[in-house]
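Q: Could you walk me through this structure? I am new to reading them, so please spell things out.

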Amino acid sequence: MNLPVPLEYWSTVRAGLVEALDKITDEQLAFAPAEGLWPLGQVALHIASAEEGWLRHVVAGELPDWPTEYKLADHPTVAAVKQVLAETHARTEAYLASLDEAALERIIEAAWGGKFPIRW
């Protein structure tokens, strides 16, 4: 399928995240802007966790539960964080490529009761 403009934009945003990660060191992944806030690396890993949860659990139904959050302690380098992001996004792109335009209009129901078309 030829991904619609919003999905292409998402890939552009993802590329910008990877580009930003390329500009920091492994040590800077642990930087948190204030006490109690997540460090940079955890924020990047949360993006991957949210993508996995949303696409693989909520939308595709491949996972029975929301996946466990990726942890910076398990992926302490820029290369490791980028690998998680790449693997997650590859699964997302493969799933989206399997859909036709009509499938993007299928309504899914989130656990909290919200209803959304996949396109959303």
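A: Let us begin with a definition that will be needed for the helices: the expected span of a helix is 1.5 Å times one less than its number of residues. Please keep in mind that this is a predicted model. With that rule in hand, we can look at helix H3, residues 78-97, which has 20 residues and reaches 28 Å from its first C-alpha to its last, close to the 28 Å expected.

Q: Okay, and which residues of H3 are buried?
A: The buried residues of H3 are Val 78, Val 81, Val 84, Leu 85, Thr 88, His 89, Thr 92, Tyr 95 and Leu 96. Seen down the axis of H3, these buried residues fall within an arc of 135°, so they line one face of the helix.

Q: What does the face of H3 turned away from that buried side carry?
A: That face carries the exposed residues Ala 79 and Ala 94.

Q: Let's zoom out. How many helices and strands does the protein chain have?
A: The protein chain has 3 helices and 2 strands, and from the N terminus on the elements run α-α-α-β-β.

Q: What about H2, how far does that one reach?
A: Helix H2 covers residues 40-59, and with its 20 residues it reaches 27 Å from the first C-alpha to the last, which is close to the 28 Å expected at 1.5 Å a residue. H2 is followed by Gly 61, whose phi is positive, near 70°.

Q: Is Ser 49 buried or exposed?
A: Ser 49, which lies in helix H2, has a relative accessibility of 2%, and because buried means under 20%, Ser 49 counts as buried.

Q: And which residues does Ser 49 touch?
A: If we leave out residues up to four places away in sequence, Ser 49 touches Trp 66, Pro 67, Thr 68, Glu 69 and Tyr 70.

Q: New topic: what share of the protein chain is buried, and what does its surface look like?
A: Buried residues make up 32% of the 120 residues in the protein chain. The chain exposes about 7,200 Å², and carbon and sulfur atoms supply 60% of that area.

Q: How many charged side chains are there?
A: The protein chain has 9 positive and 18 negative side chains, and the centres of these two sets lie 3 Å apart.

Q: Last one: what box do the C-alpha atoms fill, and what about contacts along the sequence?
A: Taken along the principal axes, the C-alpha atoms of the protein chain fill a box of roughly 45 × 30 × 20 Å. Among contacts between residues at least 6 apart in sequence, 56% join residues at least 24 apart.

Conventions. Residues are numbered from 1 along each chain as its sequence is written. This is a predicted model: local features need pLDDT of at least 70, side-chain atom pairs count only at pLDDT 80 or more; totals for chains, interfaces and linings use all residues. Side-chain values use heavy atoms; hydrogens and water are left out. Helices (H or I, at least four residues) and strands (E, at least two) are DSSP runs, numbered from the N terminus. Buried means under 20% relative accessible area, exposed over 50%, partly exposed in between (1.4 Å probe, protein chains only). Contact means heavy atoms within 4.5 Å. Accessible areas come from the Shrake-Rupley method with a 1.4 Å probe; for residues, only the protein chains shown count as cover. Lys and Arg count as positive and Asp and Glu as negative; His and the chain ends are not counted. The place of a charge is taken as NZ of Lys, CZ of Arg, CG of Asp or CD of Glu. The arc is that of the directions from the helix axis to the C-beta atoms.
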